[in-house]
Structure formats: structure tokens, C-alpha cells
Amino acid sequence: MFEAVSSQIKDAKKIVFVTGAGISQESGIPTFRGKDGYWRKYDPMQLATIDSFYQNPKLVWEWYESRRKNILAAHPNNGHVAISDLAKYRDVVVLTQNIDGLHQRAGSKQVFELHGSIIRIKCTVCDYKDDITDSFAELPPKCKCGGILRPDVVWFGEALPQDVWYDAINHAKSCDIMIIAGTSLAVSPANTLPIFAKQNGATLIEINPERTTMSEDMDLSLRETSANALPHLISLLE
Ligand code: BJW
Ligand code: ZN
């Protein structure tokens with residue numbers, strides 16, 4: 001299976017990972033569109049837009065608080081750890097849509113959070129922003145200025161943090177291999193990153209038990225979970 005791309009793998013200097021909810025599934029964190037995914041139970045437009053937040057901030061906060069508790073109690077799995085280990089041997093960059101911080105907790109240093117972080121909280125009125133791991137006594141939590149606080153995540157219709165996005169494009173354009181793990185590639189603009197890589201001659205490898213909209217464009221598709229496939233794939237890269 002690896003033969004088709006073995007020489008590219010051996011010669012690769014810079015490896016960029018594009019990750020999504022599936023990479024944290026084996027840490028006990030639900031995906032969005034998978035079998036037990038959030039969007040099978042909840043309407044994204046009721047929980048992940050700024051309009052829904054202003055309409056019912058308590059409801060949105062209750063969902064984020066339950067996810068914060070789950071995420072803070074979770075541990076990085078063998079997939080996160082394998083990516084972190086690879087950085088001992090190659091230039092490794094992680095472009096993640098996840099807000100769970102598990103890549104960083106596994107030891108990865110070059111992590112770009114495209115959709116923000118569930119730990120970071122920001123004010124909807126002033127410039128206040130901080131990392132908060134404690135749970136809030138009252139929902140929605142309020143800022144000292146009186147404004148409502150919100151999770152510093154990117155909801156539908158909101159722009160990605162521009163500096164992070166431009167860095168992500170540049171890393172995608174300059175990698176030898178892009179490994180796309182645990183994402184349905186259903187959400188833009190993150191799903192354009194493999195296109196930037198491919199246009200610049202990178203080898204694309206997908207790790208996902210299911211096909212995605214871009215499976216046809218991959219040089220290699222591994223239909224396995226990331227905690228199984230990544231340690232094996234990465235042993236070839238070390
Ligand atoms: C495994 C596995 C295992 C399972 N191992 N694999 C029409 C109306 C409004 C907007 C749009 C529209 N059409 C298009 C848009 C744009 C929109 C969009 O793309 N929508 C589509 C859904 C149609 N995008 C946006 O709105 C973005 N912003 C934007 O475009 O701004 C433009 C702008 C510019 C300038 C000014 C203003 C605006 C923002 C997107 C924000 C996404 N936010 C969310 C929630 C917030 C974060 C959070 O709370 O967590 O981010 S939605 C959700 O989807 C979350 C994820 O990061 C994101 C991607 O999902 P991901 O990670 O791919 O997960 P899944 O569940 O989809 O897939 C998991 C995969 O893993 C599956 O394939 C499984 O098979 C696999 N898997 N187990 C390996 N063990
Ligand atoms: Zn404030």
C-alpha cells in the first residue's frame with residue numbers, strides 16, 4: 001500500500017498535517033458529522049453561529065461547558081503522540097480544525113488552530129481574552145466590562161483568525177507531504193489547504209476510515225483510524 005509513495009515519504013523534509021475531529025475521536029471526543037457526531041443530534045445553526053449565541057447564550061454555553069469538561073479530562077491518543085514524535089526527525093507543522101488543544105498536550109510545537117480554542121475565552125464587547133480552565137459559576141459568564149464572554153472559537157459565517165490562516169496557506173504551499181487525518185473536509189476554507197499543497201507538488205495522504213470529498217485527489221488513502229495508522233506511517237518517516 002505504501003509502495004506507491006515510498007520514495008516521496010523517504011525524501012520528505014517538511015510534513016504538514018491537516019487534522020480534524022476524527023483524530024481526537026479515540027480520545028473520547030465526539031466528531032461533528034460521524035456516527036455519534038454532534039451534528040447528528042443538534043442543529044449547527046442553533047449552536048455554532050453568532051446569531052444563535054446572541055439568541056440563547058445560555059444554551060450555547062451549556063454545550064461548550066459540557067465539551068470543555070470532556071476535553072479537559074481527555075488525553076492525547078497514539079495519533080497525536082506519533083505526530084509529536086515525528087518532529088524529532090522532520091520539520092512538522094500541524095494545521096488543526098480542532099479546538100481541543102490535544103496536539104499541544106501531546107508535545108507538538110508548531111500547531112496552528114484554524115478554528116480557535118475552547119480554553120480561550122473572549123469578550124463580545126471589549127478586548128479581554130484569557131485562557132480559562134475552571135468552570136463558570138453562572139452561564140453565560142460576564143466580563144468585568146459587563147459584556148457577555150464567549151469561547152474564542154470560529155463559528156459558521158465568521159472569518160478564521162487572519163494571521164493563522166495566512167501562515168496555514170504558506171505552510172500548505174511549502175510542504176513535501178500533506179497528511180490529512182480525521183477530517184471530512186466538509187468545511188471551508190480549511191478544506192482548501194490540500195489544494196494549495198497539491199498545486200505546489202506535495203504528496204497527499206489521507207487517513208480516514210471513511211471516504212471524503214477529496215479522496216479522489218489523494219496519492220494514498222489509508223482507511224484506518226488515526227491512532228492505528230499514524231504510528232505505523234510515521235515509523236516509515238523517522
Ligand atoms: C476518523 C476517526 C478516527 C472518525 N480516525 N478519522 C452557507 C451558509 C453559511 C456559510 C457557508 C455556506 N456555504 C459554505 C459556507 C462556509 C462555511 C462552510 O464551510 N460550511 C459548510 C459546512 C457548508 N464555513 C464557514 O462559515 C467558515 N468561515 C468562513 O467561511 O468565513 C468567511 C468569511 C470571510 C470574511 C469575513 C467573514 C466571513 C467558518 C467555519 C467554522 C467551523 N466551525 C465549527 C464549530 C466551531 C468549533 C467547535 O465548536 O468545535 O468547527 S463546525 C465543525 O466543523 C468544527 C470543525 O472544526 C469543523 C470541521 O469538522 P471536521 O473536523 O472535519 O469533523 P467531521 O465530524 O466533519 O469529520 C470527522 C471525520 O473524521 C470524518 O470524515 C470521519 O470519517 C473521520 N473519523 N473517527 C480518523 N478514529
Ligand atoms: Zn469585556
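Throughout these legends, contact means heavy atoms within 4.5 Å of each other. This is a predicted model, in which local features need pLDDT of at least 70 and side-chain atom pairs count only at pLDDT 80 or more, while totals for chains, interfaces and linings use all residues. Residues are numbered from 1 along each chain as its sequence is written, chains are lettered from A and ligands numbered from 1 in the order in which they are written, and side-chain values use heavy atoms, leaving out hydrogens and water.

View 1. Helix α6 (residues 57–73) lies across β4 and β6 and runs at about 135° to β4. Helices here are DSSP runs of H or I with at least four residues, strands are runs of E with at least two, and both are numbered from the N terminus. For the angles, axes are lines fitted to C-alpha atoms (for helices over the stretch in contact), and values run from 0 to 180 degrees between N-to-C directions.

**View 2. The antiparallel sheet β5-β4-β6.** Three strands make up this open sheet, in the order β5-β4-β6, with antiparallel pairing. β5 and β6 stand at the edges with a single partner strand each, so one side of each has no neighbour in the sheet. Neighbouring strands are turned by 40° against each other on average, direction ignored. Two strands count as paired if DSSP finds at least two bridges between them. β4 pairs with strand β6 (residues 149–153) over five bridges, and C123 has L149 in β6 as its bridge partner.

View 3. How many residues of strand β4 (residues 116–123) are buried? Six of the eight are, so the strand is largely enclosed by the rest of the structure. Buried means under 20% relative accessible area, exposed means over 50%, and partly exposed is in between (1.4 Å probe, protein chains only). C123 counts as buried, at 8% relative accessibility, whereas C126 is partly exposed at 31%. Searching the whole structure turns up zero disulfides; the test is a pair of cysteine sulfur atoms within 2.5 Å.

**View 4. The parallel sheet β3-β2-β1-β7-β8-β9.** Six strands form this open sheet, in the order β3-β2-β1-β7-β8-β9, and the pairing is parallel. At the edges stand β3 and β9 (220–222), each with a single partner strand, so one side of each lacks a neighbour in the sheet. From one strand to the next, the twist averages 15°. Helix α9 (residues 162–173) lies across β1, β2, β3 and β7, at about 130° to β3.

**View 5. Strand β2 and its two partners.** Five of the six residues of β2 (residues 91–96) are buried, so the rest of the structure largely encloses the strand. Six bridges join β2 to strand β1 (residues 14–19), the two running parallel; D91 in β2 is the bridge partner of K14. Strand β3 (residues 111–113) is also parallel to β2, with three bridges between them, and V94 has V111 in β3 as its bridge partner.

View 6. Five bridges pair β1 with strand β7 (residues 177–181) in the parallel sense, and V16 stands opposite M178 in β7. Is M178 buried or exposed? It is buried, with a relative accessible area of 0%. Leaving out residues up to four places away in sequence, M178 touches V16, V18, A172, L193, P194, A197, T203, L204 and I205. M178 and A202 are 24 residues apart in sequence but 6.6 Å apart in space, C-alpha to C-alpha.

**View 7. Helix α11 and its buried face.** Helix α11 (residues 226–237) has twelve residues and spans 16 Å from first C-alpha to last, close to the 16 Å expected at 1.5 Å a residue. That expected span is 1.5 Å times one less than the number of residues. Which residues of α11 are buried? They are S226, A227, A229, L230, L233, I234 and L237. Seen down the axis of α11, these buried residues fall within an arc of 160°, so they line one face of the helix. The arc is that of the directions from the helix axis to the C-beta atoms. α11 lies across β1, β7, β8 (203–207) and β9, and runs at about 150° to β8.
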